[in-house]
Amino acid sequence: MTSRKPDEPLARNSRLRLVRPRALATARRAVTTRRTRPAPRPPEGTPPRAELARQARHVLADAVRIARWAAVEHGADTAPRTGTGARPAQERAAAALDLTPGQIRAGWDRARLAGLVELHGDTARPGWRLHAWDRDDSAVLRGWVALFDAWSLVHPAPEGVAPSAVAEVVEAVPQVLSLLQLSQGPVLVPALLDLLGQRVEELREERCEVPAAEQAPETADAPALDGLPTLLDWALEGLAAVGALTLDPGTEERHATLTPLGNWAVWVKLEQICVAAQSPAGNIEQSAEDMLRGCARLTPGPARDEYRAWLAARTLSSAVAELLAVARGEDALLRGLAFEALRVVGAPAEAEVRATVAEPSLRPYALLWLAEYEGADPDDAQEVLTREESTWLWVDTAAAVADHGESELLVRHLDSAVQGTVPALLDEVRAVGHPRTVQVLVALAAAHPDPALAKAVRRAAFQVHTGGA
């Protein structure tokens, strides 16, 4: 057996070469050991997913036709949505599809809200759901649920109503939907109105943090409850417009009934909330940081369910700000999970995520988020990163592994580096200037079973620590 000469380059030692790099997304998923949760069964009587998807396709049929017409009319990549070309395009679409201009505008809004088209500046591109519409029932159902979540945008709110009153009703509607789901049949509108009034009063009480004797000046400006019948009618009509319920005038009084799609969607959302509430940290009521720590022990699917439940209990603007605040912290694992949660937020987070591109610690994560948002495959999104940004992200992920994972994971993390050899990796890691570089290299040296590699890594850690070359 021959020994390596002292001056022989490390790159010539085959034991120190890296195997073919894996996608950075795969490396990030290997950070923690997660547990799984059995998939819950929907209530008895719920139609099969194929039937639910058929109903969702029927609800969004006009939106799909319009989105496909736009893709053919303007090419597969872009279609105008604003500016002087918008009105002629609407008129051409109306003539081609035998719809009125009003139906074209409504269908385009539905296509946008359901993710059939994606907005990028002043242009719109066909969304991935449009391409998968005829063959992927899950994509169809996710698209319909996105429209269901946006019901308040589909049907304009009544004129002359205070925006705060509209916001209260939107926040209280899930309670109304829960009653409809539990009733498993028609519910009279007056009963829904009573529940809506109670929920609005509860929401106002929850927002009042001052003693009762001091509440009068604040509650004096609160919208009166006598406008709730109009707002309830608006909410029920909006939910009916997206196919979530039906309204029947009845022989004596109007009543509402959830459609099979609406019943399934409400069950899904209740299940998401239960998942979060039953998690070890009680995630739905926790801060973003504690919620993300609780999700670190879940597989990606249940984790996304937790993110959705946590987001549903907050305004999106405050939730996005809280997630980004956690991402700016020192815990690299939480930084990655925060951006996973922001992927669930989607379009409403685009402006805030785009603004973080200027922050060195968030830039790689933001660039990957934006690439995936704009349609890149997650496994290919890393191509948007420069070599330096990829190296920075490799160190950040290694820090997450060192803090929360096992030594074997840290050793395997070498495989995800973009460099072809350990010497090249160490040179670029030293140059990238990540604040955790020394700790990562020390942990890697301690974990790696190859004495020669461990020695080289320890030397690099010492050089970074002392400022040497």
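I began with contacts (heavy atoms within 4.5 Å). Among those in the protein chain between residues at least 6 apart in sequence, 68% join residues at least 24 apart.

Ground rules before going on. The model is predicted, so I note that local features need pLDDT of at least 70 and side-chain atom pairs count only at pLDDT 80 or more, while totals for chains, interfaces and linings use all residues. Residues are numbered from 1 along each chain as its sequence is written, and side-chain values use heavy atoms, with hydrogens and water left out.

Overall tally. I get 24 helices and six strands for the protein chain; these are DSSP runs numbered from the N terminus, helices being H or I of at least four residues and strands E of at least two. Of its 469 residues, 45% are buried, meaning under 20% relative accessible area with a 1.4 Å probe, protein chains only. The accessible surface (Shrake-Rupley, 1.4 Å probe) comes to about 23700 Å², and 53% of that belongs to carbon and sulfur atoms.

Cores next. I take a nonpolar core as a set of buried Ala, Val, Leu, Ile, Met, Phe, Trp, Tyr and Cys residues joined through side-chain atoms within 4.5 Å. The largest one has 65 residues, and Leu292, Leu323, Phe339, Leu342 and Trp394 have the most contacts inside it. Helix α17 (residues 332-345) gives the most to this core, nine residues. At least three residues come from each of domain 3 (279-384) and domain 4 (387-467); the domain bounds are from an automatic or database assignment.

I then looked up Leu323. Leaving aside neighbours within four places in sequence, Leu323 is in contact with Ala288, Met291, Leu292, Trp310, Leu311, Ala338, Ala341 and Leu342. Apart from this core lies another, of 63 residues, including Ala70, Val169, Leu203 and Leu231.

On to a sheet. Three strands form an open sheet in the order β4-β6-β5, paired antiparallel; pairing takes at least two DSSP bridges. β4 (187-188) and β5 (245-248) are the edges with a single partner strand each, so one side of each has no neighbour in the sheet. Two bridges join β4 to β6 (residues 255-258), and Val187 stands opposite Ala256 in β6. Helix α12 (residues 228-241) lies across β5 and β6, at about 125° to β5; axes are lines fitted to C-alpha atoms, for helices over the stretch in contact, with angles from 0 to 180 degrees between N-to-C directions.

Last, helix α22 (residues 422-432). I list its buried residues as Val422, Pro423, Leu425, Leu426, Val429 and Val432. Just after α22, Gly433 takes a positive phi of about 80°.

How values were computed: Buried < 20%, exposed > 50% of the residue type's maximum accessible area, 1.4 Å probe, protein only.
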